[in-house]
Amino acid sequence: MNVARFVFSLALVALAPVSQAFAQEELGPLAGAPDQQLLKGWFGGAQDGWYVLRNDTLEGSEQTLMLDAGAAPPAGRAVSVNVSLKSSVSEAAIGILARSASNDDLCLMEITADAAANLFCIIGGEHKAIAKVAKAARMDGSDVIEMIEVPGSARFLLNGATIGDVTYASALGGELGIMAYERGTFGLADFEIVDLGPAAGGSGLPPKGGAGLPQAEGTGLPPKGGTGSTAPAETASEASGSNTGSRMADIMGPLADAIMAADDKEGWQLAFEGNWLVFINDETPSSENFFTVPSGPLNSGQRITSLEVGILPPQGKKASDFAKSAAGILIESNDRAASCLGEITAGGDGLVLCFGADGKSTEMGRLAGAALGGGDDVLEFVERPGTGEFRLNGKRLAEIPNHPALGGHIGVLAYERGEFYFGGFTISSGAPSAQGSNSGSSSDNTASDGSGPLPMFGHEETRLIGVYLGLANGIFMHEFGHALIGELDVPSTGPEEDAVDIFSALRVVEPTMYPTDDATLNAIGREVAIYSALPWYYGGLISEKTGMQTPWQDEHTGDLKRFRNVFCVIYGGNPGLYGHVAEQVGLDERTLDRCEGEFTRQNRAWRTILAPHTRVGEWHPEGLLPADAPGARIQTIFEPSKSRVGQFIAEAFSEGLTGFGDELAKTYALPRDLKVIYKDCGELNAWYSPREGVITMCYDLIEDLAVMISDVEMGTEGGMDVSATTTSPAQSSAPTGTTATASKGSGKSVGVAATGNASNPIDELAELGVPTTSVLFPAPYRGATPAGHSRAKLVTTGDLAALIGGGKPLLLIDTRGQDEIIPGAYSVVDAGKDGSLTDSFQSVVNSWLEGEASNDKSLPVIFYGEGLQDRSSYNAALRAGALGWNAQWYRGGTEAWRSNGLPLVEQE
């Protein structure tokens, strides 16, 4: 994978709470649908147990997520989904949609923002109202819509109550999924399609819904599953439905297989109720039941285990008689000799007990009366290298440093008599929730977990990711530039600090020069580049106001000058994307006119300098090393942080940033292993240590810069107390790009016949070890060319001679700048110059082609150069192909033309 593409794509992958990448648990069989079906103007991503769809502006818009389910089996099938919505538009709705695969017939069961349940079909274009029940939805996050379908008909239910039956077979037996309608925020969870044949193991499950979960921060939705259940559990043998294993996985996640494989413990029953797995012990005192899975040691970062839990006394008994009954998270050493339990008790306490090989317990911490009850309690075990911490509803119960139970097994345990409710069991690398499930606070900047502010920039996705990933990438690439100079002993012309600033700018802008089809991803890439540069601008303005100046003997350039140098390269790489920033910060036209040249020169210089150490690949055609050249690795380590920003970086971006280091190690052949350590430093700094081969990334610096940006753009003070959102240079609309002029070469008109006798023709399709690429080759354009092209059709001498001899219109362009050309060609020397596919020269190329081809993009536009070692023609075809022209590349060029006995003519 290309490093630039990796930087570009890791943004959405890394930020799990607001990304589309991790929706399997919430969307089930629909998990892949958002990637192909999400409409422009709609946003989607997994967050706090929901898959959240959002439409802020599109009036009357419908978003569907569908799959081809085919006909219902003879025994029938059940479709269910937990839904919620928040909208000021009363007609806004969300529900289950069944749609014909062959026509436009459909049926929809939905709940609306005014709590109504609607069931209707559209058959042959005619609306068929079936049922409407006012105030039927609970609107508390526990609403579950179900469709029970048999071949030819279906029954729709809301929270177990029948809303109506559908007999329009033409709408059934095709596609199944969900539809969200109008503006608002729509939550989906636990979408399932279950065949209603005999259940595996002979036991079935009741419909889902009703579990108490933490408030979904930032979505505006109620807690998924509602406010908790205290109804008696239904045993598995009494339950109806099917697919026990799937339901177990929904509730107990990584513990599901262990529970399914275990034998029943005497005196204990397991049952399902809604979103809960219930452990039931009515008669056996002082008994315990538990399940665990291996967790393994943790060497870096942090690992979070989370559990929703509740306790009821045995049926018909008083809770006061069972105050010691307890349930919670269990950790055990591999040899089972040591263990610790973080639990709630039926008496309402939060408690941590640890046990040694002798079975004796030690109380490590207790919070009397801290349990909320009613199914609203969330236990967490937060593990970092060498230590672990139990929390209840965001409050610390106890820390257990260097305990032998760490890094062994982890799971759940119930003790004594009662009904013990377990749900939402997860083990992840993410940081715990910043607040308890019932804290009543939705502030972005206050929490019981960690210290300091955590600016969240109004939860605006692109800005949020752009700030943190932009800061991390900008700082890291600066230090990695130092590392390349130090490790590879490459030359640095001019002050090294300035040189690596430029290297960083080149790397962060590169992804924006090759945009994807994903508008959200493109927007994030733009923000990442902007926020890698803006801190120097904001810092410079603050320094000017406070009278602070960079000392003249400091190796770093002053902040405003540093911003100018970095941003100029970013602008030069993609001027059409960053013109609005240039306008707002007041860069004059004279400076901007030089920026594209600066980008091209600096990009050319760095690629040339690093080429002897670069593995050749699709995105690094200049590399002089083979693709499989040996080299060392880059190890990325995230140490525990005391700050909320540090914890957030480790949570949201650790996987992506680790992968980013891996990709750089694949690109550059390093002589020894490098370490990248993210840590609390106690100073605002980041540095490369050549002696140890370590890049240190300080959470402190990222926090300081994020707070500064928040204060400037969001009106906060020290990153706290967001008041009103202001507009930054990153959010303003971009103006149209600048234009330049180009000279047209002379030549004969196309249509001259070309004939001749072959004389030792060269192999035009020879494989020279250079992969096809979508990156422009840097000057001086001499070197082996690929045997194919990423944006243009490859033509041979025979193909070109046939086209010319056929007399049909075409545009033939010589990029060499020599006196002799192929008959009918134009000589356009700079058509294949380097730079980027988003620079202003692209518009020059496009304008010239429009004029010469009378704006007919179907006209063959064929580029050629000297031969297999001339890369300028490849570049020219790449530029034209990226613009949508019918680009073709004559790789053999004049070298192959001559070797086939064909004539060249003098330019006119």
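# Questions about strands, rings and loops

Student: In S36, which residue is the bridge partner of Leu811?

Tutor: The bridge partner of Leu811 in S36 is Val861. The model is a predicted one, in which local features need pLDDT of at least 70 and side-chain atom pairs count only at pLDDT 80 or more, while totals for chains, interfaces and linings use all residues. Residues are numbered from 1 along each chain as its sequence is written, and side-chain values use heavy atoms, with hydrogens and water left out.

Student: How do you know that S33 and S36 pair?

Tutor: Two strands pair if DSSP finds at least two bridges between them, and strand S33 (residues 811-814) is joined to strand S36 (residues 861-864) by four bridges, in the parallel sense. Strands here are DSSP runs (E, at least two residues) and helices are runs of H or I of at least four residues, both numbered from the N terminus.

Student: What makes S32 and S35 edge strands?

Tutor: The open sheet has five strands in the order S32-S37-S36-S33-S35, with parallel pairing. Strand S32 (793-795) and strand S35 (826-827) each pair on one side only, and they are the edge strands.

Student: Which strands does helix H14 lie across?

Tutor: Helix H14 (residues 797-806) lies across S32, S33, S36 and strand S37 (887-890), and runs at about 125° to S37. Contact means heavy atoms within 4.5 Å, and the angle, on a scale from 0 to 180 degrees, is taken between N-to-C directions of lines fitted to C-alpha atoms, for helices over the stretch in contact. Helix H16 (residues 872-882) lies across S36 and S37, at about 170° to S37.

Student: How many aromatic pairs are there?

Tutor: Rings of Phe, Tyr and Trp (its six-membered ring) pair if their centres lie within 6.5 Å, and the pair is stacked if the planes are under 30 degrees apart, edge-to-face if over 60 and tilted otherwise. By this rule the count comes to 26 aromatic pairs.

Student: Why is the pair of Tyr678 and Tyr699 called tilted?

Tutor: The ring centres of Tyr678 and Tyr699 are 6.4 Å apart and their planes are at 35°, so the pair is tilted. This pair links distant parts of the chain, since Tyr678 is in strand S29 (residues 674-679) and Tyr699 is in helix H13 (residues 699-714), 21 residues apart.

Student: Why do Tyr678 and Tyr699 count as buried?

Tutor: Buried means under 20% relative accessible area, exposed means over 50%, and partly exposed lies in between, with a 1.4 Å probe and protein chains only. Tyr678 is at 2% and Tyr699 is at 0%, so both values fall under the limit and both residues are buried.

Student: Why is the pair of Tyr890 and Trp897 called edge-to-face?

Tutor: The centres of these rings, Tyr890 and Trp897, are 6.4 Å apart, but their planes are at 75°, so the pair is edge-to-face. Tyr890 and Trp897 are both buried.

Student: What is the phi of Ala115, and what is that of Ser854?

Tutor: Phi of Ala115 is near 75° and phi of Ser854 is near 50°, whereas most residues other than glycine have a negative phi. Ala115 is in the loop between strand S6 (106-112) and strand S7 (117-123), and Ser854 is in the loop between helix H15 (840-852) and S36.
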